[in-house]
Amino acid sequence: MRYKNNVLDRLNQIDISVNRVQLEVNRNLGQDKILESLEKLKEQIEGVREIISVESDDFEQQFAPKR
């Protein structure tokens with residue numbers, strides 16, 4: 001996978017964000033703070049989706065019949 005390292009880095013960032021949300025919930029932080037962290041987490045997940053969607057396009061083009 002050409003973007004494997006980028007995806008792995010993003011997944012590590014997502015893991016950190018999940019741990020942050022878990023800590024915020026455990027400490028009973030305000031709902032606004034938790035929702036803000038969850039919104040950032042959603043954005044990170046969308047970033048991984050974008051990388052993966054680009055990767056699949058590259059993969060399809062690599063094995064497409066030559067014209």
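These are my notebook entries on a predicted model of a single chain.

**Entry 1: the chain overall.** I began with the secondary structure and found 2 helices and 0 strands in the chain. I then looked up burial: of the 67 residues in the chain, 19% are buried. The accessible surface of the chain is about 5,700 Å². Carbon and sulfur atoms hold 50% of that surface.

**Entry 2: the core.** Which residues make up the largest nonpolar core? I listed 6 residues: Tyr3, Val7, Ile14, Leu41, Val48 and Ile51. Two elements, α1 (4-26) and α2, each give two or more residues to this core. The largest share, 3 residues, comes from α2.

**Entry 3: Ile14.** Setting aside residues up to four places away in sequence, Ile14 touches Leu41, Gln44, Ile45 and Val48.

**Entry 4: Ser37.** I moved on to Ser37, which lies in helix α2, residues 31-62. Is Ser37 buried or exposed? Its relative accessible area is 4%, so Ser37 counts as buried, the cut-off being under 20%. I also looked up its contacts, leaving out neighbours within four places in sequence. Ser37 is in contact with Arg20, Val21 and Glu24.

Methods
Residues numbered from 1 in each chain as written. Predicted model: local features only at pLDDT ≥ 70, side-chain atom pairs only at ≥ 80, totals over all residues. Heavy atoms only, no water. Helix = DSSP H or I, 4+ residues; strand = E, 2+ residues; numbered from the N terminus. Buried < 20%, exposed > 50% of the residue type's maximum accessible area, 1.4 Å probe, protein only. Contact = heavy atoms within 4.5 Å. Areas by Shrake-Rupley, 256 points an atom, 1.4 Å probe, with all protein chains shown as cover. Core = buried A, V, L, I, M, F, W, Y, C linked by side-chain atoms within 4.5 Å.
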